[in-house]
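Thanks for making the time this morning.

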Amino acid sequence: MIRYVFQKPCSNRWAVQKLREHFATAIKTVVTDALAGSKMSKNESKFSPFLRQCFITAGVALNIVGHGAVIGYAAILIPALRRPDSHIQVTTAEESWIASIIGFALVVGNIIITPTMDAVGRKRSQLLTILPNMTGWFMLLLVNNVAGLIVARFLQGIAMGMLGPLGSIIIGEMTDPRNRGAFLTSVSLSLTIGVLATHALGTLFSWQQNALICSFITFVSCLLIIYAPESPSWLISKGRYDEGAEVFFWLRGRDSKQQMELEDMIAAQKSARKTVVVEQKQSLFRRIGRSFSYLWETTRKPEFFKPVIIMFMLYIMLQFAGINVISSYVMDIVHQLVGPDANAKLIMVALDIERLVCNVLAVFLMKTVKRRTLLFSSASICVLSYMGKAAYVYCKVNGTLPFDNQWVPLLLIGTYMFSLTIGISSIPFAISGEIFPLEYRGLGGGISILALSLNFFVAVKSFPVLTHSVGLPWTYCLYAGIVVLCLIVIYLMMPETKDRTLQDIENSFRGWSAEDYRSSQPLNGKPHSDTRRRSSHIIS
């Protein structure tokens, strides 16, 4: 039809010929673009970038729900084992090991995941966390002795140690800075849902049936992870720029702001890979020597040790604020504070519901309130609640209370739980996904999570020992003092990260401007003293 129209006689044949050429070129371009991008266009038309980011976060979050169930499971398992009709009898020391062994196992998981997430990618690493967790749940169904229970909990602790740094990194790398804080808050929210789920199930089912139901949560998360893409940051760090760009735009959409962020990321990683290519040409002995030299020099760089120190303080504060202590010993704490006649199971579920509501509120606060403001305000309330509970129990034991009612300790516990979940438990996981440069994200995240692991073990293991030796009031005073010391260091070192891109946060620790890494020239016109400064891995 087009050819017939333009083959008609015309007074200006030259103009018609040009018009035909331009028209044919335009049609060819449209058809070519449509064929080349038909698959992506169909996918992009179905779901918005926000919904795709929600899908990625849902897979991670549901996996974390399963780990939250592991944390809260001790509060169901230990009271059940104390019953005279239990087929497994435990001592007080064995009870503390069942509750705290997870913290010790976290260290093993941290060691495993640090090289794994950089070597095989974020997606495959997350799939690896499913196996030990599922194995642990099934072992809880089959074992009939204390050793078997401890081994099952140890395996689940390994899975938690692997997912600890990995979950925040995945969400941080694959979400938009405008929504990243809210998405990262889903880590603490998911832990809360997991604790609530296992506590609520414990009031209805036996601890074996509880384990079976919780294993199904982990299985569903596995299905979501299988259909999720790989992290674009990891793909770009491996030199797979086209594939990384495709996933990046699929997740974030296409506009000038996203284009600029992608260009900054690729430019930074291209300069990093230049040093990797040079090193691959060296002998094995030389490469090993430079690897140790790299690790030594890395620990002296402010862009590495400052985030590590900040995360150490945040994780220590998180554990001694009592987030996992109250999850593991909530029924014992309620009996000591409220009284032996209190309905501990009902109060336990009520506190979990409060924790869930506060975590949902924290998601919205992360979008509107600065990280530092939310952290220090909630931590201050936590310290005051600690001191209030300590004073109440001390006065109650010594008979100096001017007024006593069950609502007083319940109000103190409720205020304490509010402070834990509104900021203390959400900020560390949000910051961990934002604060580390891509170059050190796996190494720094793995090292800093050791503080979470070790202090999980110390706090949960020491709590029953301290309460029996010095009493609950002095135990609370000790924990409050540790929280205050951590807050002082955090106040002096932690920057504000709200609404900042990961590359911008990375540059601030390095002391770089955007032009420094976009330029192919050495920084400030001076040669680099460390040729491995921008290498993402020791040996790529």
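**A loop residue, the core and the rings**

Let me start with Thr 497, which sits in the loop that runs between helix H22 (472-493) and helix H23 (502-510); please keep in mind throughout that this is a predicted model. Is Thr 497 buried or exposed? Thr 497 has a relative accessible area of 0%, and because buried means under 20%, this residue counts as buried. Setting aside residues up to four places away in sequence, Thr 497 touches Arg 180, Arg 371, Ile 431, Glu 434 and Ile 505. Ile 505 is itself one of the buried residues of H23, a helix that is mostly covered, with seven of its nine residues buried.

Turning now to the core, the largest nonpolar core has 121 residues, and within it Trp 207, Leu 314 and Met 317 touch the most other members. Helix H4 (residues 49-82) supplies the largest share of this core, namely 14 residues. Trp 207, if we leave aside its neighbours within four places in sequence, is in contact with several residues, among them Tyr 73, Ile 76, Leu 77, Ala 80 and Leu 81. There is also a second, separate core of seven residues, which includes Ile 236, Ala 245, Leu 262 and Met 265.

Next, a helix pair. Helix H17 (residues 344-368) packs against helix H19 (residues 407-424) at an angle of about 35°, the axes being 8 Å apart, and the crossing of H17 and H19 is right-handed. The residues that make this contact include Leu 351, Cys 358 and Leu 365 of H17 together with Ile 413, Met 417 and Phe 418 of H19. Sorted by class, the contact of H17 with H19 has eleven nonpolar, three polar and two charged residues.

Finally, the aromatic rings, where a search of the whole structure finds twelve pairs. In one of these, Phe 50 and Phe 183 are tilted, at 5.7 Å centre to centre and with 40° between the planes, and the pair links Phe 50 in helix H4 to Phe 183 in helix H9 (residues 177-202), 133 residues apart. Phe 50 counts as partly exposed, at 44% relative accessibility, whereas Phe 183 is buried, at 9%. Tyr 73 and Trp 137 form an edge-to-face pair, 5.5 Å centre to centre and with 85° between the planes. Tyr 73 lies in helix H4 and Trp 137 in helix H7 (residues 130-142), so this pair ties together parts 64 residues apart in sequence, and both Tyr 73 and Trp 137 are buried.

Key:
Residues numbered from 1 in each chain as written. Predicted model: local features only at pLDDT ≥ 70, side-chain atom pairs only at ≥ 80, totals over all residues. Heavy atoms only, no water. Helix = DSSP H or I, 4+ residues; strand = E, 2+ residues; numbered from the N terminus. Buried < 20%, exposed > 50% of the residue type's maximum accessible area, 1.4 Å probe, protein only. Contact = heavy atoms within 4.5 Å. Core = buried A, V, L, I, M, F, W, Y, C linked by side-chain atoms within 4.5 Å. Axes fitted to C-alpha atoms, helices over the stretch in contact; angles between N-to-C directions. Left-handed = near helix turned anticlockwise from the far one by under 90°. Nonpolar A, V, L, I, M, F, W, Y, C, P; charged D, E, K, R; others polar. Phe/Tyr/Trp six-rings, centres within 6.5 Å; stacked < 30°, edge-to-face > 60°.
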